[in-house]
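Hi there,

Here is the structure I promised to pass along. Have a look at it first, and then read on for my notes.

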Amino acid sequence: MEGTASRSGSSSSVVADWSLVFWTLCSVILPVLITLWCSFQRSRRQVLIRDIFRKSKHDWHYTYLFGQPSYCCVCAEHILRGAFCNCCGLRVSEACLKKADQLFLCKEIMMRSNGAQSSMPHHWIRGNVPLCSCCMVCKQQCGTQPKLCDYRCVWCQYTVHDECMLDCLKTEECTFGEFRDLIIPPYYLSTINQMRKDKRTNYEKVVPYCRKHWMPVIILANTRSGNNMGETLLGEFKILLNPVQVFDLSKIAPAKALQLCTLLPCNAVRVLVCGGDGTVGWVLDAIDEMKIKGQERYIPQVAILPLGTGNDLSNTLGWGAGYAGEVPVEQILQNVMEADGIKLDRWKVQVTNKGYYNLRKPKVFTMNNYFSIGPDALMALNFHAHREKTPSLFSSRIINKAVYFFYGTKDCLVQECKDLNKKVELELDGERIELPNLEGIIVLNIGYWGGGCRLWEGMGDEPYPLARHDDGLLEVVGVHGSFHCAQIQVKLANPVRLGQAHTVRLILKSSKMPMQVDGEPWAQGPCTVTITHKTHALMLYHSGEQTDDDASSVSEQDHVREQTDEDV
């Protein structure tokens with residue numbers, strides 16, 4: 001009896017143990033299997049979506065959460081996630097993607113027609129109109145109803161209530177709205193294409209080529225610049241303009257994109273560069289290539305939307321020190337239309353090595369902003385090396401400036417560039433300059449330096465003329481170190497003004513020193529640096545906003561003029 005009881009007790013304990021093991025395995029394996037199944041379904045769904053995107057004529061982008069209340073243009077259901085077209089603005093649920101491709105046409109960048117056309121009807125899409133829009137028929141607000149209603153034209157951006165939509169509006173000629181002077185119409189490109197096939201070049205008779213105020217704009221956006229806003233801006237510009245006018249510089253080089261200028265009116269095209277100063281320099285180099293090819297009459301004027309870290313050239317030309325989405329894209333295009341044309345000096349920087357290294361070919365750079373040797377070039381060199389190792393960390397303008405601050409603080413303690421005046425010789429227009437005790441020399445072409453600091457004008461009561469970017473003169477200043485640079489940034493000190501010149505020559509006699517041209521740094525051994533005028537670039541100046549520094553500088557210049565008049 002006792003043996004039977006003990007055996008039954010041991011067997012029940014074994015069953016309990018196996019039951020515990022079973023449920024433990026289930027609790028571990030079941031979530032894993034569910035996770036694997038969900039991952040498989042998600043990857044399968046993504047493959048299907050990518051396949052639809054690849055075959056579609058729409059520029060679809062998938063989002064897991066729309067930034068505003070949205071309705072599917074096919075089933076009219078409220079959706080939280082789905083796809084939207086970057087060109088026409090359609091929004092659809094994941095299940096309706098194929099139907100949307102069959103039911104709705106996207107913006108046509110070039111109309112399929114045999115003969116010449118000078119007009120086209122509206123291209124209406126239904127739903128998801130902006131809340132601030134106004135019906136073109138009854139003049140009342142559109143987009144207030146929480147359902148799929150109201151219409152929007154993808155070209156002129158006009159909106160119409162569902163009940164106000166008339167048959168005549170469906171065939172009415174589209175005027176292209178407030179940006180008609182910036183848009184390249186699809187019928188224009190088809191006509192030009194037919195004329196090129198017929199080997200005719202009298203584009204002057206084609207509408208809107210012959211229109212007086214037509215100034216088509218080309219958007220060149222660098223999606224890798226600064227705060228990574230380029231991708232969003234590309235979509236917003238494609239909705240307002242013809243998608244053929246909008247280029248992603250990570251996919252197509254500026255030289256190729258700018259060939260569109262040869263199909264447009266001479267001296268009328270405007271280019272908006274969305275990126276940092278480096279991107280602007282890249283575009284200006286491509287424009288110089290157009291001059292070499294004999295395409296001078298197609299040279300565009302260049303505006304800037306600052307997405308980089310420093311943005312000193314953008315600041316100098318009135319486009320601001322940085323863009324973070326605070327200004328609507330519509331206002332940006334309006335600013336481009338109203339901007340004034342000016343010239344920007346561009347300089348040739350030739351670096352010739354000494355000694356054994358003299359056998360190498362000299363380095364040649366093109367300078368738009370400034371050249372420097374010393375602590376600020378060292379900070380740029382360290383920052384550049386760090387970004388090359390871990391580029392994913394440098395996706396924010398604030399982080400970039402924090403890294404610059406870190407390396408600047410480090411150099412205050414180490415002083416790697418001390419006694420620069422003993423290692424270099426400086427000549428301005430052939431005249432040698434006696435250097436005081438310095439750690440850095442900066443050669444300026446524009447008014448701003450170091451992310452928004454007016455280096456040449458400085459501070460204090462001593463009047464100095466404003467630094468200009470179109471006078472063929474360079475301003476040369478010296479700094480005592482990284483701490484001195486920081487004091488200049490917060491207006492607690494002035495730089496050492498060394499003079500102005502048309503030609504600058506700098507001789508590095510010994511050791512290796514950090515140098516930079518427009519943010520492109522390198523470590524340089526003994527050499528001779530010669531800076532001479534190269535050419536002019538046609539830029540656009542935006543005078544709509546004026547900073548405190550601009551106002552004080554202008555008032556200071558007026559004070560100098562008054563003093564001069566009194567002396568006379």
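Below is what turned up, taken one region at a time. Please keep in mind that this is a predicted model.

The unreviewed entry lists residues 20-40 as "transmembrane region". In the model, that stretch is 100% helix and 0% strand, and its end C-alpha atoms lie 30 Å apart.

Next, a pair of helices. Helix α5 (residues 230-240) and helix α9 (residues 329-338) have axes that come within 10 Å and cross at roughly 70°. Angles of 65 to 115 degrees count as roughly perpendicular, so α5 is roughly perpendicular to α9. The crossing of α5 past α9 is right-handed. On the α5 side, the contact is made by L233, E236, F237 and L240; on the α9 side, V329, E330, I332 and L333 take part. Of these contact residues, six are nonpolar, two are charged and none is polar.

Finally, the aromatic rings. The structure holds five aromatic pairs. One of them joins Y188 and W214: the ring centres are 5.1 Å apart and the planes stand at 70°, so this pair is edge-to-face. Y188 belongs to helix α4 (residues 186-197), while W214 sits in the loop between α4 and β9 (217-221), so the pair ties together parts 26 residues apart in sequence.

Best wishes

Terms used:
Residues are numbered from 1 along each chain as its sequence is written. This is a predicted model: local features need pLDDT of at least 70, side-chain atom pairs count only at pLDDT 80 or more; totals for chains, interfaces and linings use all residues. Side-chain values use heavy atoms; hydrogens and water are left out. Axes are lines fitted to C-alpha atoms, for helices over the stretch in contact, and angles run from 0 to 180 degrees between N-to-C directions. Helices (H or I, at least four residues) and strands (E, at least two) are DSSP runs, numbered from the N terminus. Angles under 35 degrees count as roughly parallel, over 145 as roughly antiparallel, 65 to 115 as roughly perpendicular and the rest as oblique. A crossing is left-handed if the near helix is turned anticlockwise from the far one by less than a right angle, and right-handed if clockwise. Contact means heavy atoms within 4.5 Å. Ala, Val, Leu, Ile, Met, Phe, Trp, Tyr, Cys and Pro count as nonpolar, Asp, Glu, Lys and Arg as charged, and the others, Gly among them, as polar. UniProt positions are given in the numbering used here, feature names are shortened, and annotations may be inferred rather than shown by experiment. Rings of Phe, Tyr and Trp (its six-membered ring) pair if their centres lie within 6.5 Å; planes under 30 degrees apart count as stacked, over 60 as edge-to-face and the rest as tilted.
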